[in-house]
Each structure stands twice: as structure tokens, then as C-alpha cells.
Amino acid sequence: DALAAIKPQLGRSYPPVIDNKPVQPPAFADSVNPSRITEVVGRWGQASADQAKLAVASSLKAFDAWRDT
């Protein structure tokens, strides 16, 4: 069963990735299963405003090389 196979992976934390490196966010938020709201599917990192600015700068730096792929 596919759901049984991924069940051990539920609840993991996923930090923001900036410049191909994970960064420690100031907070995490839960992503829940909408049909079972007590079940946390994963936790995603909420980037700070400064981290968001770094992410935008990183994406602009990488854009020229990326757009031709």
C-alpha cells in the first residue's frame, strides 16, 4: 500500500533552501492532512524577511543560466 510506505516520512521538517543551502528559519508551520487535521504531513520553514531578500537575490543571480535550460 502506497500510503503505508510513506507513513514513516510524515512529520518531517523542511527548511527553506537559499543558494542551494538549507537555512535555519525563525519558525516552522505545520502542513496537515485535510481529511485528518490531526495528522501533520510535514513542517515547512517560514523564512524571515531577510532570508526572503537573500532568496530573491540568489534567484536573480541564477536566472540567466537557468532560463536557457
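Tutor: The dialogue below takes up strands, accessibility and contacts in turn. This is a predicted model, in which local features need pLDDT of at least 70, side-chain atom pairs count only at pLDDT 80 or more, and totals for chains, interfaces and linings use all residues. Residues are numbered from 1 along each chain as its sequence is written, and side-chain values use heavy atoms, with hydrogens and water left out.

Student: In which sense do strands β4 and β5 pair?

Tutor: Helices (H or I, at least four residues) and strands (E, at least two) are DSSP runs, numbered from the N terminus. Two strands pair if DSSP finds at least two bridges between them. Here β4 (residues 27-33) and β5 (residues 36-46) are antiparallel, with 7 bridges. A hairpin of 2 residues connects β4 to β5, and A27 faces Q46 of β5.

Student: Is N33 buried or exposed?

Tutor: Buried means under 20% relative accessible area, exposed over 50%, and partly exposed in between (1.4 Å probe, protein chains only). N33, in strand β4, is counted as buried because its relative accessibility is 17%. A52, in helix α2 (residues 49-67), has 36% and is therefore partly exposed.

Student: Which residues does N33 touch, leaving aside its neighbours within four places in sequence?

Tutor: Contact means heavy atoms within 4.5 Å. With those neighbours set aside, N33 is in contact with E39 and V41.

Student: What joins the side chains of N33 and E39?

Tutor: A polar contact is a pair of N or O atoms within 3.5 Å; within protein, one must be able to donate a hydrogen and the other to accept it, and residues adjacent in sequence count only if both atoms are side-chain atoms. The side chains of N33 and E39 form such a polar contact at 2.7 Å.
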